[in-house]
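Visitor: I am new to this structure, and I would like to understand how its parts are described. Could you show it to me before I ask?

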Amino acid sequence: MFRTTSGTRRVMLLLCVLLLSLVFVLPKQSRSLLQGIGQPLAQLLSLPMTALAALDRGVQEAWYGYLALHQVSEENRRLQRELQALRGRNNELRELGVAGQRLAAVLGLKERLKAKTLAAQVIGWDATNWYRAIVLDKGSRDGVKVEMGVMAPDGAVGRVVKVMPFTAMVLLITDPNNAVTGLIQRTRDEGIVEGTPEGRARMKYIPLLATLQSGDVIVTSGLTGGFPRGVPLGTITRIDKAEGELFQSAEIVPEVDLHKLEEVLVITDPLPVGDGLEPPAARPGPVSSEGRP
Amino acid sequence: MKPALYAALVLGLVPLQTSLVHYLSFVGVRPDLCLVAAGLIGFLAGPVEGALVGIALGFTQDLFSAGALWLNLITKGSVGLLAGLAGRQVTNATLATLVITMVSLSALENLVFLFVVRGGGDLGDRLSALPSILLPETLLNAALGAALYWLLPVRPSGEQEMGRRPIGMVG
């Protein structure tokens, strides 16, 4: 294939140039062409990706298991041998317990949330460093579509930006290219929540007269972004009110630890405004039904 | 042999990049395996192979990135092509020339990303990406490229293996 004559090389280069020209001259058509070519390839790649994600989890569990055992002194080596077997089993059970708690939280959220959702597992991160995005193990075959909202038990995670048959890319709320309409839970003022380059989020276009406080909770407004009203986005940590500007802005720490995501819910059908998250039975959730229009 | 190796790279690198490369991350930035592969192939095997493998790798990478479906396709193809052209200019491919090539190409590609992905942001946001993404990724890519080059069982030396003109470093 690569033992080519100069004529073949010229044809190859010409094909490359034609392909690049197509991308720039006919962007829409070329996008659908690339998507058509890419879908079977993505389907093929989803298998090793899922396998590697499982391997990654295994490696992490083994590593943390090793760290936990590392501090045992040499004097206890004999006892350690006996203990190791028990600890191994204990670790397994603890991991199962944690996984059970996590899944129960996801299930609990699913029951509280009136919107239709689909549980998905995180199998990877964006292939470049320039986007804060995750790869899910659910795709168009499971009903996932572009612009659908994605959340974890603690709050909003991001929105779907690219869908392949078995996988989907989710742009996180901390990415500077993402924007979701937010609502300050206490004052009911609206604004736009965008990601920042530092990996946090910022709420912009908040009315000057809004009486913000550090610690105020921001929730989704339900107007755009594939989320129902009332999904927690984050907590205000700093308020910026520059003189002469028409709006104020606030820095937000996301409610969800986006570095430790394992299971998420894709919101396949958010209900109309007002039919969002219900408070859990045991303790009041971050959003109550008070203040609904 | 070569086509099989390239096919394995195209099918294997992106799953690795999305799931396991975070173990190699430095200040939260991961090396770009596809860029390193396209650069190395271009540098060692010539611009056409570099460009073709770069395009294939970039396209696969685009499928699992939140960006547009052409960005990596074009940049990785260009990296392969430019690495090949750079490789042609040296009589003896050494570790130093490879590192210089990788640093230049990685910085160039990241600058393209900076203007395409963060082009809409204010200047402060764009400048903050230089030390937080561009610099660490460039260093990681160059280090990884150098390590892989050093580990290669057969390294080309001189114009015979490279199949290139014996012209030394020319402008």
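This is a predicted model: local features need pLDDT of at least 70, side-chain atom pairs count only at pLDDT 80 or more; totals for chains, interfaces and linings use all residues.

Visitor: Which parts of chain A are called domains, and how do you know where they lie?

Guide: Chain A is divided into domain 1, residues 22-112, and domain 2, residues 116-269, and these bounds come from an automatic or database domain assignment. The C-alpha centres of domain 1 and domain 2 of chain A lie 23 Å apart.

Visitor: How do you know that domain 1 and domain 2 of chain A are in contact?

Guide: Contact means heavy atoms within 4.5 Å, and 17 residues of domain 1 of chain A are in contact with 19 residues of domain 2 of chain A. The area buried between domain 1 and domain 2 of chain A is about 1,600 Å², with carbon and sulfur atoms giving 64% of it.

Visitor: Why is the meeting of the side chains of A:E262 and A:R57 called a salt bridge?

Guide: The distance from N to O between the side chains of A:E262 and A:R57 is 3.7 Å, and the cut-off is 4 Å, so the pair counts as a salt bridge. Across the interface of domain 1 and domain 2 of chain A, the rule finds 1 salt bridge.

Visitor: Which elements make up the side of domain 1 of chain A that touches domain 2 of chain A?

Guide: The elements that give two or more residues to that side of domain 1 are α2 (27-70) and α3 (77-112) of chain A, and α2(A) gives the most, with 10 residues. By class, the side of domain 1 of chain A that touches domain 2 of chain A has 7 nonpolar, 5 polar and 5 charged residues.

Technical notes. Residues are numbered from 1 along each chain as its sequence is written. Chains are lettered from A and ligands numbered from 1 in the order in which they are written. Side-chain values use heavy atoms; hydrogens and water are left out. Buried area is the accessible area (1.4 Å probe) that two parts lose on being put together, summed over both. Helices (H or I, at least four residues) and strands (E, at least two) are DSSP runs, numbered from the N terminus. Ala, Val, Leu, Ile, Met, Phe, Trp, Tyr, Cys and Pro count as nonpolar, Asp, Glu, Lys and Arg as charged, and the others, Gly among them, as polar.
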